[in-house]
Amino acid sequence: QVQLVESGGGLVQTGYSLRLSCTASGRTFSSYAMGWFRQNPGKEREFVAAISWSGSNTYYADSVKGRFTISRDNAKNTVYLQMNSLKPEDTAVYYCAAGSGRYYHGTSAEFGSWGQGTQVTVSS
């Protein structure tokens, strides 16, 4: 099992930036893909971004492409989500997730471990 703890959420105005961090423990962090998801009350969990085990491959939802950047530092057991040009529609609880393999294959089911989430609120 892997334990994940997110941090970095907050309340910002439209156009501002936030950097989320997710620190992992209890598993060989560098061997698995990692992902970020978000969810609003009453809505389904939404894929945001993912990154392969080495950081060589990244994947983004169309809604955040060009604004968000996912990265990882395996030496620190940490994955990041840099969020620029934030919009009110980005408001959600953001969750970090650990995958079951080295690469992301396009499904949420392949992520078996989840953090508790961090709230991001973007005001207009």
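A salt bridge here is a side-chain nitrogen of Lys or Arg within 4 Å of a carboxyl oxygen of Asp or Glu. By that rule, the structure holds four salt bridges. The model is a predicted one, so local features need pLDDT of at least 70 and side-chain atom pairs count only at pLDDT 80 or more, while totals for chains, interfaces and linings use all residues. Residues are numbered from 1 along each chain as its sequence is written, and side-chain values use heavy atoms, with hydrogens and water left out.

Arg67 belongs to the loop between β6 (58–60) and β7, so here the parts tied together are 23 residues apart in sequence. Through shared partners, salt bridges join Arg38, Glu46, Arg67 and Asp90 into one network.

Burial is the next thing to look at, with buried meaning under 20% relative accessible area, exposed over 50% and partly exposed in between (1.4 Å probe, protein chains only). Asp90 has 0% relative accessibility and counts as buried. Arg38 counts as buried at 5%, and Arg67 is buried as well. The salt bridge between the side chains of Asp62 and Lys65 has an N to O distance of 3.5 Å. Asp62 is exposed, with a relative accessible area of 67%, and Lys65 is exposed at 52%.

Turning to the strands, an open sheet of four has the order β1-β3-β8-β7, with antiparallel pairing. β1 (3–7) and β7 (68–73) stand at the edges with a single partner strand each, so one side of each is left without a neighbour in the sheet. On average, neighbouring strands of this sheet are turned by 15° against each other, direction ignored; the axes behind such angles are lines fitted to C-alpha atoms (for helices over the stretch in contact), and angles run from 0 to 180 degrees between N-to-C directions. Two strands count as paired if DSSP finds at least two bridges between them. Strand β3 (residues 18–25) and strand β8 (residues 78–83) run antiparallel and are joined by six bridges. Within this pairing, Val79 in β8 is the bridge partner of Cys22.

The torsion about the S-S bond is about -80°, so the disulfide is left-handed. It links distant parts of the chain, with Cys22 in strand β3 and Cys96 in strand β9, 74 residues apart. Both Cys22 and Cys96 are buried.

The largest nonpolar core has 33 residues, and Met34, Trp36, Val79, Leu81, Met83 and Tyr94 touch the most other members. Such a core is a set of buried Ala, Val, Leu, Ile, Met, Phe, Trp, Tyr and Cys residues joined through side-chain atoms within 4.5 Å. β3, β4 (34–39), β5 (46–51), β7, β8, β9 (92–99) and β11 (118–123) are the elements that give two or more residues to this core. For Met83, contacts (heavy atoms within 4.5 Å) beyond four places in sequence include Tyr16, Leu20, Arg67, Phe68, Tyr94 and Val120.

Thr78 lies in strand β8 and is buried, with a relative accessible area of 6%. Its C-alpha atom is separated by 6.3 Å from that of Ala24, 54 residues apart along the chain. Leaving out residues up to four places away in sequence, Thr78 touches Ser21, Cys22, Thr23, Phe29, Arg72 and Asp73.

Asn77, in the loop between β7 and β8, has a positive phi of about 55° although it is not a glycine. Asn77 is partly exposed at 31% relative accessible area. Ser85, in the loop between β8 and β9, is not a glycine either, yet its phi is positive at about 50°. Ser85 is partly exposed, with a relative accessible area of 40%.

How values were computed:
A disulfide is a pair of cysteine sulfur atoms within 2.5 Å.
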